[in-house]
Amino acid sequence: AKPVIVAIDGPSGTGKSSTSKAVAAQLGLSYLDTGAQYRAITWWMVSNGIDIEDPTAIAAVAAKPEIISGTDPANPTISVDGTDVAGPIRTQEVTSKVSAVSAVPEVRARITELQRTLATSAEYGIVVEGRDIGTTVLPDADLKIFLTASPEARAARRSGELKGADVNATREALIKRDAADSSRKTSPLAKAGDAVEVDTTALTLPQVIECVVTLVEEKR
Ligand code: C5P
């Protein structure tokens, strides 16, 4: 069978990562978490004292860090200049700054190129999750999924992940980040015209996984 390319987009807290990883593992495909790449470059900017409020300063160094993503869904790794950053990219500091960094066109151009290279070199195909995969990164993907869920469901899921986090504060931060991601000029979070929308509000994770697996199998 020819490699199948699956794009999964949507805001945070819709179960995108859990779904994408499980679908890839179940179907023997590679997996790419593009949010982790934007988090990694943001971590590098913060670590190197780059002013996050200054897009020109960010653009000037956007090509510097070497970002390497491992695409095994059972062990998705991410490193910057040889350092494993899987832990540090999940801090609140990086989470609150990633939207500003990822809005800079030079950052997007650089990361998009990495994503296309990985997607086209996956032997059996790949599940790529993000915000602009179906619209910009891989417009010719074999299948495009757009995951949604109510803000309440999304905040509840995220606070569950961040053990003990306040649901209201999580909800506010999440809504702010989605608004920034949806309103930026360069490839905002958006549903591609030919994407299948799946509302996960009332679905369990296994149900969402099954739904997406079925859709992929129809394309193979
Ligand atoms: O998916 P995750 O929540 O880890 O994404 C972190 C951030 O990375 C998003 O809020 C967004 O600013 C950025 N991102 C993006 N384009 C993508 C994936 C993530 O701009 N394809």
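Which residues of H1 are buried? They are Lys 16, Thr 19, Ser 20, Ala 22, Val 23 and Ala 24, where buried means that 20 or more other C-beta atoms, placed from the backbone, lie within 10 Å of a residue's own.

Before going on, a word about the model. This is a predicted model, in which local features need pLDDT of at least 70, side-chain atom pairs count only at pLDDT 80 or more, and totals for chains, interfaces and linings use all residues. Residues are numbered from 1 along each chain as its sequence is written.

Helices (DSSP runs of H or I, at least four residues) and strands (runs of E, at least two) are numbered from the N terminus. Helix H1, residues 16-27, has twelve residues and reaches 16 Å from its first C-alpha to its last, close to the 16 Å expected at 1.5 Å a residue; the expected span is 1.5 Å times one less than the number of residues. Just after H1, Gly 28 takes a positive phi of about 70 degrees.

The buried residues of H1 pack against these elements, with contact meaning C-beta atoms, placed from the backbone, within 7 Å:

| Element | Residues |
|---|---|
| Strand S1 | 4-9 |
| Strand S2 | 30-33 |
| Strand S6 | 125-130 |
| Strand S7 | 143-148 |
| Helix H9 | 205-219 |

Now to the ligand. Helix H2 (34-47), helix H4 (92-102) and helix H8 (167-183) each supply at least two residues of the shell around the ligand. H2 gives the most, with four residues.

Definitions and conventions: Buried ≥ 20, exposed ≤ 12 C-beta atoms within 10 Å, placed from the backbone. Contact = placed C-beta atoms within 7 Å.
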